[in-house]
Amino acid sequence: MKYVVVSGGVISGIGKGVIASSTGLLLKTQGARVTSIKIDPYMNVDAGTMAPTEHGEVFVLNDGGEADLDLGNYERYLGVTLGRDNNITTGKVYKHVIEKERRGDYLGRTVQIVPHLTDAIQDWIERVARTPADDSNEEPDVCVIELGGTLGDIESAPFVEALRQLRRRAGKDNFVQIHVSLVPIIHDELKTKPTQQAIRDARSAGLSPDLIACRCERPLDKATTDKIAMFCQVEPEQVIGVHNVSSTYHVPLLLEEQGFLGVLGDLLNMKKLNISQDQLLKGQSTWKQWKTLTTAQEHTFETVNIALVGKYVSLHDSYLSVIKSLEHAAMASRRKLNIIWVDASHLETEWEETNSKEYHKAWYDVHTAHGILVPGGFGTRGTNGMIRAAHHARTKSKPYLGICLGMQIAVIEYARNVCGLEGANSVELDERTNHPIVVYMPEIDQVNLGGTMRLGSRPTIFQENSEWSKLRSLYGLDRTSIDERHRHRYEVNPEYIDQLQAAGLHFIGKDDKGERMEIVELKDHPWFVGVQFHPEYISRVLAPSKPFLGFLSAAAGCFDKVKALSQAKEMDLANGVSNIVV
């Protein structure tokens, strides 16, 4: 097993996740099987109870694990399926060690950070690194590990020591560290001192970077590269410039242009890996499609404007997977994407009374957008604005996509304004509503919040007489079920289904027991779809999520063309055509 560790210095949030994902993708182009691990040094057991506005979105995995958003990057770039153990947190590993101590596994010894905690971290990494992450069910060749935060943080110390020991455990040619550092521009001059200090800090902690990825606003010049190489004791080819590019999907191309893969391959002695010809051809095919799709976007000029009506719009990372899914759909539709961020609270009449300018700006954005998307969320804030946005989309024949809460919002709006159920609402938003259209799922724990929602991949069964559905046509009419990831506590009340369907709101997808509503769609509308699941979690660059693809192409006015291409791709996949990558 070979390991690539991506760490960071100077400041956090400079793109370690994208660089780690790009590294994995480039290794896959050489036929290597790649998996990934994210280390988060916070005390939370997982990201499930953390506010999106503090830490970004919670990414949900197939097995129901609630993880850091960077695991979404790994899955999207590498085309792999990860699990909850691929995200290691301080809370998880301490819990693991304490449980072992309580069982008496340490035979009465004094339990310490070194060696017990650091050994547990290494054992965890080795176990997960050998877990198959793709359809082949074969052990990966390389594990890319991202160490969250910055080196020198107090909470990172046990993980840094564990990784130092892992280098020795892995052996020669099996461990490479990439250190990501900021190279700022001061008075139009690239400054290398922060990077020099970051490398010194890394070495003092016991880690010795083999490659230095320099994040900068503009390309590194030769003089700066040579200076960093000299003072950081590496060769110039081991200094990689990662300057700002128009899209994060161009980062792998940027690394490739600088010979990054060759240097990394030599450091890891990749020639020793037993890579089959089929694996190599598959990797090369993936890379060819990636370059074709991402570079073609530079020559696309038609723009589609999507109003994202949410409650966490102050931090765009709160909706990172939604953004990426829209980007994937835009690339497949050959359109440039323009996301218009609309705070749902600004659409409410109460807001007009206090801030008329923001109210009218928000409604102008909704009126002029080509499509309206209402994503998931929790709590009451902004939900009346979301209901008004859904009403506008339905009555003005504007493409609409509601995800999780967004689907529930669409059902509430229909119940109020079409079925005439005055005051219809969700019990989450109004416990005393006379018409509880959305209710708490009976099996859900209402006290303990962490990991107690309906989580992970679950089947949705298409209902009879739903062949007219635009969404189903994208999945393929021959498919009777789909698997998508979920994260919710509330569901559409089954007692109102007959009344809603009689009024024209069709529930075309239900769970495998036929009790839980999964997909709602209007018949005579360009695109009005709500899904209880979160399709953004399994969207890929080369295989866009179907709900997002349908929504964006409808908003762009090219749905029929995109549907034909999508159906052709699904047919190729069914016939085993190997040059289509999912």
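Biologist: Which residues line the second largest cavity?

Modeller: Gly-377, Phe-378, Cys-404, Leu-405, Gln-408, Glu-428, Arg-487, His-488, Arg-489 and Tyr-490 line it. A cavity is a set of points on a 1 Å grid over the protein atoms alone where a 1.4 Å probe fits but cannot get out; lining residues have an atom within 4 Å of a point. The model is predicted: local features need pLDDT of at least 70, side-chain atom pairs count only at pLDDT 80 or more, and totals for chains, interfaces and linings use all residues. Residues are numbered from 1 along each chain as its sequence is written, and side-chain values use heavy atoms, without hydrogens and water.

Biologist: Which elements each supply at least two residues of that lining?

Modeller: They are α16 (405-417) and β19 (481-488). Helices (H or I, at least four residues) and strands (E, at least two) are DSSP runs, numbered from the N terminus. By class, this lining has four nonpolar, three polar and three charged residues. Here Ala, Val, Leu, Ile, Met, Phe, Trp, Tyr, Cys and Pro count as nonpolar, Asp, Glu, Lys and Arg as charged, and the others, Gly among them, as polar.

Biologist: How many cavities of 30 Å³ or more are there?

Modeller: Rolling a probe the size of a water molecule over the atoms shows where empty space is left. Here the count comes to two. A volume is the space filled by probe spheres set on grid points, which are joined across faces, edges and corners.

Biologist: Where does the largest cavity lie?

Modeller: Domain 1 (2-292) and domain 2 (300-566) both give residues to its lining, so it lies between them. The bounds come from an automatic or database domain assignment. Nine lining residues are nonpolar, four polar and three charged.

Biologist: Which residues form the nonpolar patch on the surface?

Modeller: Met-43, Tyr-94, Ile-98, Ile-113 and Val-114 do, with about 450 Å² of accessible area together. α4 (90-103) and α5 (113-129) give two or more residues to the patch. Ile-98 lies in α4.

Biologist: What joins Val-114 and Pro-115?

Modeller: Most residues other than glycine have a negative phi, and most peptide bonds are trans. Val-114 and Pro-115 are joined by a cis peptide bond, with omega about 15°. Pro-115 lies in helix α5. For phi, look at Asp-173: its value is positive, near 70°. Asp-173 sits in the loop between α6 (157-170) and β7 (175-182).

Notes. On a 1 Å grid over the protein atoms alone, a cavity is a set of points where a 1.4 Å probe fits but cannot get out, and a pocket is an open set with protein on both sides within 12 Å along at least five of seven lines; lining residues have an atom within 4 Å of a point. Patches are made of residues with over 30% relative accessible area and no salt bridge: like charges are joined within 9 Å, nonpolar side chains (Val, Leu, Ile, Met, Phe, Trp, Tyr) within 5 Å. Accessible areas come from the Shrake-Rupley method with a 1.4 Å probe; for residues, only the protein chains shown count as cover. A salt bridge is a side-chain nitrogen of Lys or Arg within 4 Å of a carboxyl oxygen of Asp or Glu.
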